Amino acid sequence: MALFKLKINGKESEVDVDPSTPMLWVLRDHLNLVGTKYGCGIAQCGACTVHLDGTATRSCMLTVSMVGNSEITTIEGLSENGDHPVQKAWLEVDVPQCGYCQAGQIMTAAAFLEKNPNPTEEEIEMAMNGNICRCGTYLRIRKAVKMAAEG
């Protein structure tokens with residue numbers, strides 16, 4: 001075990017865990033930030049997506065020892081009142097069906113739009129391509145990302 005000082009959602013946290021522990025489990029099991037979901041464990045589905053210094057990152061493959069001084073933002077830290085433009089668009093379009101993948105979808109979309117605020121439909125499709133929605137709400141997801149971009 002080792003002591004790690006982390007900056008998560010703008011706050012300092014300390015955890016005493018094995019250095020190889022994935023951030024997904026640090027967030028969920030040690031810090032009670034359960035919005036980030038376990039989907040596949042091999043960084044293929046996107047349910048565990050968080051921001052690492054603003055970049056969408058799969059937390060199931062990001063070990064706590066890899067974080068260093070980087071800042072992590074989870075779905076709980078994306079906005080204080082759920083009023084991030086992507087979150088608002090998600091509600092407006094009524095994207096979720098089961099909702100399980102939605103935190104990862106939203107985190108991917110938010111990081112993408114931060115870097116590309118005026119994307120084409122093709123760019124949206126490419127950016128969201130790695131996130132799996134088992135309910136198949138891909139058309140609503142793309143519509144919500146486009147809506148968030150348009151403001």
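# Cores, sheet and loops

Me: What makes up the largest nonpolar core, and which residues have the most contacts inside it?

Reply: There are 22 residues in the largest nonpolar core, and V86, W90, I141 and V145 have the most contacts inside it. Bear in mind that this is a predicted model. To be a member, a residue has to be of a nonpolar kind, be buried and be joined to the set through side-chain atoms within 4.5 Å.

Me: Which elements give two or more residues to this core?

Reply: Those are α3 (75–78), α4 (85–93), α5 (102–115), α6 (121–128) and α7 (138–150). With seven residues, α5 gives the most.

Me: What does V86 touch, not counting residues up to four places away in sequence?

Reply: V86 touches I106, A109, A110, L113 and A148. Apart from this core lies another, of 15 residues, among them L33, V50, V64 and V67.

Me: How do you know that α5 is mostly covered?

Reply: Buried means under 20% relative accessible area, and 12 of the 14 residues of α5 are buried. Among them are Q102, G104, I106, M107, F112 and L113.

Me: And what does the span of α5 say, at 1.5 Å a residue?

Reply: The expected span is 1.5 Å times one less than the number of residues. For the 14 residues of α5 that should be 20 Å, and the end C-alpha atoms are 20 Å apart, so the two agree.

Me: What is the order of the strands in the open sheet?

Reply: The five strands go β2-β1-β5-β3-β4, with mixed pairing.

Me: What makes β2 and β4 edge strands?

Reply: Each of β2 and β4 pairs on one side only. From one strand to the next, the twist averages 40°.

Me: How do you know that β1 and β2 pair, and how many bridges join them?

Reply: A pair needs at least two bridges. Seven bridges join β1 to β2, and the two run antiparallel. Within this pair, F4 stands opposite V15 in β2.

Me: Which strands does α5 touch where it packs on the sheet?

Reply: α5 touches β3, β4 and β5, and its direction makes about 35° with that of β3.

Me: How many bridges join β3 to β4?

Reply: Four bridges join β3 (residues 49–52) to β4 (residues 55–58), and the strands run antiparallel. At least two would do for a pair. H51 stands opposite A56 in β4. The hairpin has two residues between the strands, and D53 takes a positive phi near 50° there.

Me: Is I42 buried or exposed?

Reply: Exposed means over 50%. I42 has 55% relative accessibility, so I42 counts as exposed. I42 lies in the loop between α1 and β3, and touches C60 and M61 once residues up to four places away in sequence are not counted.

Me: How many aromatic pairs does a search of the whole structure find?

Reply: The search finds one aromatic pair.

Me: Why is the pair of W25 and Y38 called tilted?

Reply: Stacked needs planes under 30 degrees apart, edge-to-face needs over 60, and the rest are tilted. The planes of W25 and Y38 are at 35° and the ring centres are 5.5 Å apart, so the pair is tilted. W25 is in helix α1 (residues 23–30) and Y38 in the loop between α1 and β3, 13 residues apart. W25 has 29% relative accessibility, so W25 counts as partly exposed. Y38, with 38%, is partly exposed too.

Note on methods. Residues are numbered from 1 along each chain as its sequence is written. This is a predicted model: local features need pLDDT of at least 70, side-chain atom pairs count only at pLDDT 80 or more; totals for chains, interfaces and linings use all residues. Side-chain values use heavy atoms; hydrogens and water are left out. Rings of Phe, Tyr and Trp (its six-membered ring) pair if their centres lie within 6.5 Å; planes under 30 degrees apart count as stacked, over 60 as edge-to-face and the rest as tilted. Buried means under 20% relative accessible area, exposed over 50%, partly exposed in between (1.4 Å probe, protein chains only). Contact means heavy atoms within 4.5 Å. Axes are lines fitted to C-alpha atoms, for helices over the stretch in contact, and angles run from 0 to 180 degrees between N-to-C directions.
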